[in-house]
Amino acid sequence: MPNHVMDCPADALAAPTSSCAWPSLGAIVGHSERLFRLLAEHTNDVIVLGAPDMQCLYVSPAALVVLGYDPHDLVGTSPVDFIHPDDIHVFAEHWTGILGGPEVRTVCSVRHRHREGHFVWIEASVRGVDDPRSGQIIGCVAALRDITARREAEDEIRHRALHDVLTGLPNRSLFRDRLDQAVAHAARTRSHFAVLACDLDRFKAINDSLGHPAGDALLRVTAARMRAVLRSCDTVARLGGDEFAVVLTSLDEAHSAECVAERLIAALSEPVDLDGQIVEVGVSIGIVVAANDGLGADELFKRADIALYEAKASGRNTYRAFCPEVGRRIATRSHLGLDMKEAIRRGEFRLVYQPVIDANTGAVVSLEALMRWQHPVHGEIGPSAFIPVAEETGLIVPLGSWAFQEACREATHWPPHVRVAVNISAVQMRRDGLELAVMQALATSGLPASRLKLEVTESVLMQDADNVLACLHRLRAIGVLVALDDFGTGYSSLSYLRRFPFDKIKIDRSFIRDIADPNAAAIVRAVVSIGERLGMGIVAEGVETAEQLELVRREGCNQVQGFLLSRPLTAERARAYVRSRPGSVGNDQGR
Ligand code: C2E
Ligand code: MG
Ligand code: MG
């Protein structure tokens, strides 16, 4: 059996220790060789005596425990044969330092191959040994300690600090880091990269209805699908909730931001099986392409977020690229969001009423309630600016309930044949409580259900169509009327007309504006004929000129609304208006 020492000075390493009987520790001190063995062989660290050419001259018994090797097997070998290739340079650097002189002490951490094949993290404290006569370094002494557990704990802590626990994706701070790197790299290389802000559609509804474990599973599937679509040089991170973000580097035609966005949308639209429950989500994506414009990470992400907002507003499950014009609009929107809660409390919202007139008799058929915000700083703000913010923040629910209450109460002051129309948004329809809000408004005001009309847009029907239709059917069953607003914009699907027995179709004002154009007129004519066949009344919105009034009448629209007839009026002026008009109900009977 080979001795586990080699070429050692004979007087230093003579008698095998196992045969020695130690009378007392005190007696050993003074016996330098015995003392050496006692220390080397009873410490948990592996003590190594090394030659200047890195060969191991002596290895203490702890090597068996720490590295799995019998110390004899390591004598004559070089650490280089065992160190992980990625750590060789660390070791080499330290070794050069040690050769510099005996006063040099170094501590380095490297991975050392265990006899069983895996690597263990070793912390090596090394010091050179010099020849006292020449001062030359003639070797080194190293104490090797297994720090695998500590390294793993540190790695885990580092990983947790930079990754999302649920999906394993980089988290917000690692994403930020990667984004900073991308900005710096693009500035150096004058290259382009893209940032995608992604937000799942309908995630909250699934999380609320199927529970958090299902929501978590859905997020994990989402993360895996996103990873599968992207290349290894791209970063996909989970920023929190159902918010994800992507940095795309090395853009080319096949990997343009738009192509990747399309692939992400396609991948995430695939149904997900959550323990037998099949669910579908979508994703909205905002894109910004950074093109050496000197923008920092914060500004880039803000722009991607603005584009995301725009994607969500334009029907979801789609993407939008950042456009500066939209950026300016949305900057004011986010300010509005902060003010809005207070504004509801302070009563800064009010309704104005725009008459809908019978095209043949001139009688007032109904008044449409339109919301206004009397902002203390910005003055009057129209609904197009604040309704999207109210939808985003969920404030549309209390605001919508207030509108029902207010409109129904006001309508009790009008002649009994005049209805009130209230607009409802997609978010209101999706939330619980719409029916209750309608019932409460009717009950509190005493307005008959048949005098209330709800105006919904096609986008309302796009989302969760079955639930929405069921809700509209229930409201219709108690006598409330339902109109399809802004028809012709958005999805313009005539199939919606068959899916629900709308009482009215309101043709969007863009068609009325262009009615002199034969194509627009043909569309109006087609809608009128479908409406007539299905028993639905037709309202032309946005009639501004006598010529338009004449043309829409000729095309068969039986009701008209627009600035020509009346602008939206305050409650007080609306009361005066209805009193001043002919009282006939005209051909609006039953609708
Ligand atoms: P909408 O329901 O289609 O309302 C008609 C819009 O067209 C109103 O704009 C009205 O002022 C405008 N308008 C009417 N006649 C003419 C015309 O001849 N020419 C032009 N250029 N415009 C005309 P407004 O009040 O700004 O409302 C915009 C939209 O905001 C409404 O479109 C509706 O979708 C939404 N909205 C208004 N009030 C509410 C509300 O209480 N709740 C909800 N969810 N949405 C509301
Ligand atoms: Mg409307
Ligand atoms: Mg409309």
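Which residues coordinate the magnesium ion, ligand 3? Hi everyone, let's start there. The ion is held by Asp485 (OD), Asp486 (OD) and Glu541 (OE), at 1.9 to 2.3 Å. Donors here are N, O and S atoms within 2.8 Å of the metal (3.2 Å for Na, K and Ca), and water is not among the atoms, so sites may look incomplete.

A quick word on what we're looking at. This is a predicted model, where local features need pLDDT of at least 70 and side-chain atom pairs count only at pLDDT 80 or more, while totals for chains, interfaces and linings use all residues. Residues are numbered from 1 along each chain as its sequence is written, chains are lettered from A and ligands numbered from 1 in the order in which they are written, and side-chain values use heavy atoms, with hydrogens and water left out.

Back to the metal. Along the chain, the donors of ligand 3 follow the spacing D-D-x54-E. Asp485 is buried, at 5% relative accessible area, whereas Asp486 is partly exposed, at 24%. For those words, buried means under 20% relative accessible area, exposed over 50%, and partly exposed in between (1.4 Å probe, protein chains only).

Now, salt bridges. Side chains of opposite charge can pair when their charged atoms come close. We count a salt bridge when a side-chain nitrogen of Lys or Arg is within 4 Å of a carboxyl oxygen of Asp or Glu. The whole structure has 29 of them.

Take Arg145 and Asp45, which meet at 2.9 Å, N to O. This pair links distant parts of the chain, 100 residues apart: Arg145 sits in strand S5 (residues 137-146), and Asp45 in the loop between helix H2 (32-41) and strand S1 (46-50). Helices (H or I, at least four residues) and strands (E, at least two) are DSSP runs, numbered from the N terminus. Arg145 is partly exposed at 44%, but Asp45 is buried at 13%.

Arg111 and Asp87 make another salt bridge, at 2.8 Å, N to O. They are 24 residues apart, with Arg111 in strand S3 (residues 105-113) and Asp87 in the loop between helix H4 (71-74) and helix H5 (88-98).

What about a pair within one helix? Glu154 and Arg150 have their closest N and O atoms 3.5 Å apart. Both belong to helix H6 (residues 148-162), and because they are four residues apart, about one helical turn separates them.

Finally, Glu342, Arg345, Arg346 and Glu348 are linked in a network of salt bridges. Thanks, everyone!
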